[in-house]
Each structure stands twice: as structure tokens, then as C-alpha cells.
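Me: Please take a close look at a single part of this model, and tell me where it sits and what surrounds it. I would like one connected account with the cut-offs stated.

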Amino acid sequence: MPVRPSANGGSASLDRSDYWWYRTRAHLLRTVLGAYADDAADVLDVGSADGPSVGWLQGQRHHVTLDIDPRGLASGSGVCGSATALPFEDSVFDVVGAFDVVEHCDPEAVVLAEVRRVLRPGGCFLLTVPAYQWLWSDFDVRNGHVRRYTRGRAVAALEGGGFEVLRATYAFASTFPAFVVERLARRARGLVRRDGGHAADIVRLPRTSPVVDRVLTALGTVDDRVLARRDLPFGSSVVVAARRPLS
């Protein structure tokens, strides 16, 4: 079966690295996943264009960034390459992060196998994917997505790929009602095309006023407080920590 990475260009963060969603996600990811990466010596950040959200993901000895688009790499550093053919030896990383990456790859089994290959036994795979196929819209097409996930779908994919799931939760629950309204409005306007649409070079994020930005950011802090104690039952993203078994 041919491997098909996303056809789109750079991450939206290249245009709006200070967007409220990226700032909020940084806090949520640290809260949910930070404990799995704190002691890592060697870390691989796949899809590093989303770096504004993962500044907390730093290896104690070695931090490698990889992106298929060279614009997603800091000048003079990082590796330009695909998640479906990672240009690294086997068993060299303690942690691999892939935040909103796997949904771009088809078949997903290839990228999961590549991540498992480069992880050391006992190493952790930290990832996020967008939630709920029923919320598919033109935004997914323009982002080069292949699929959206439920928590169960993400867990099943990882377990099928030979990982042990340590934690799986939704995120962005507090802003989820607004997200649903916006996506269903797109569907009502016919902006749903799954086939025949074209991925964008860089997707332009919706503009928000300073007041809306502050409200959305404040709602994100509610998620952060809850996620410090328990999982969320719904949300627009799925966040997972998984481990390559020792044997």
C-alpha cells in the first residue's frame, strides 16, 4: 500500500504562532504529558512547526526537531523529513512527540511503526489528533487531514501498533460548544468537501478580537485545572501518552 503523507504545506503556526489556541495547548499538553517527558535524555519532535505549543518538550541531552516543510524548522537546525520514513536509527529516542501529525498520514500504521522503531524500549510516544469525524469540514481538507479521531479510535490504533497506552483524554472541552457551532455552520454552508478539495499552503486561522481571545484563553484554564486531576470526556482534540513495551 502506498504511503501518503499530507499534501499541505506549512503549519498554521508559521503565520500565527501567538494564536490563542497554540498558547492554550502549550499549557494543556504540559499538564497532561509533561510527566512522561521530564526525565527524557533524547527527544524527537515530529512536526516541529508547531513548536509554539511544545517548548516544554526538551531532552536533557539531545532534542531533535523534524518537519516535512523546511519552513517549520529553526534556521540552521532540525531535520527535513517525513514522519512516514524517519531518517534515524532504531531505538535512539526516549520520547517522540507528534502533535497534530498522525491525522495527516495514510496509512496511519506506517507512521506508528516508524515511531515505535525509533523509540527505545520503554520510551514514550506523546501525541495529539483532532477529534470526531462528524465534525469534518473544509478546514480539515485545507489542512491536509486524512481523518479525525475519537479517544477510542486513537487508543485502538496505538494498541494495534504495539504500544501500551498510559493516558488518553480529550482536551479543549470548555471551548468545545463554540467549536461545534462553528463547524456545523460550515457544514450548513456546504463547506464539507472530503474529496476534490485542495490542501492549502498555510491555512489562515480565524481572526479573534482581543476580548474573544481573552475569553477563549480563560476557558482553556478551566480545562487545564481539570486535566491536572482527571481526564475530560469530550473536546476538540485527543491527547495520548503511550509507551513502547520493554519486550
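**One residue and its surroundings**

Reply: Y170 is found in strand β6, where strands (E, at least two residues) and helices (H or I, at least four) are DSSP runs, numbered from the N terminus. The model is predicted, so that local features need pLDDT of at least 70 and side-chain atom pairs count only at pLDDT 80 or more, while totals for chains, interfaces and linings use all residues. Residues are numbered from 1 along each chain as its sequence is written, and side-chain values use heavy atoms, with hydrogens and water left out.

Y170 has a relative accessible area of 5% and is therefore buried, a term that means under 20%, with exposed meaning over 50% and partly exposed in between (1.4 Å probe, protein chains only). Leaving aside residues up to four places away in sequence, Y170 touches A131, Y132, T150, R151, L227, L232, P233, F234, G235, S237 and V238, a contact being heavy atoms within 4.5 Å. The C-alpha atoms of Y170 and S236 are separated by 7.0 Å, although these residues lie 66 apart along the chain. With R151, the side chain of Y170 reaches the backbone nitrogen at 2.9 Å.

Strand β6 spans 164–171, and F172 is found in the loop between β6 and α5 (176–188). The phi of F172 is near 65°, a positive value in a residue other than glycine, and F172 is buried at 3% relative accessibility. A positive phi, of about 55°, also belongs to S91, likewise not a glycine, which is placed in the loop between β3 (79–80) and β4; S91 is partly exposed, at 28% relative accessible area.

Methods. A polar contact is a pair of N or O atoms within 3.5 Å; within protein, one must be able to donate a hydrogen and the other to accept it, and residues adjacent in sequence count only if both atoms are side-chain atoms.
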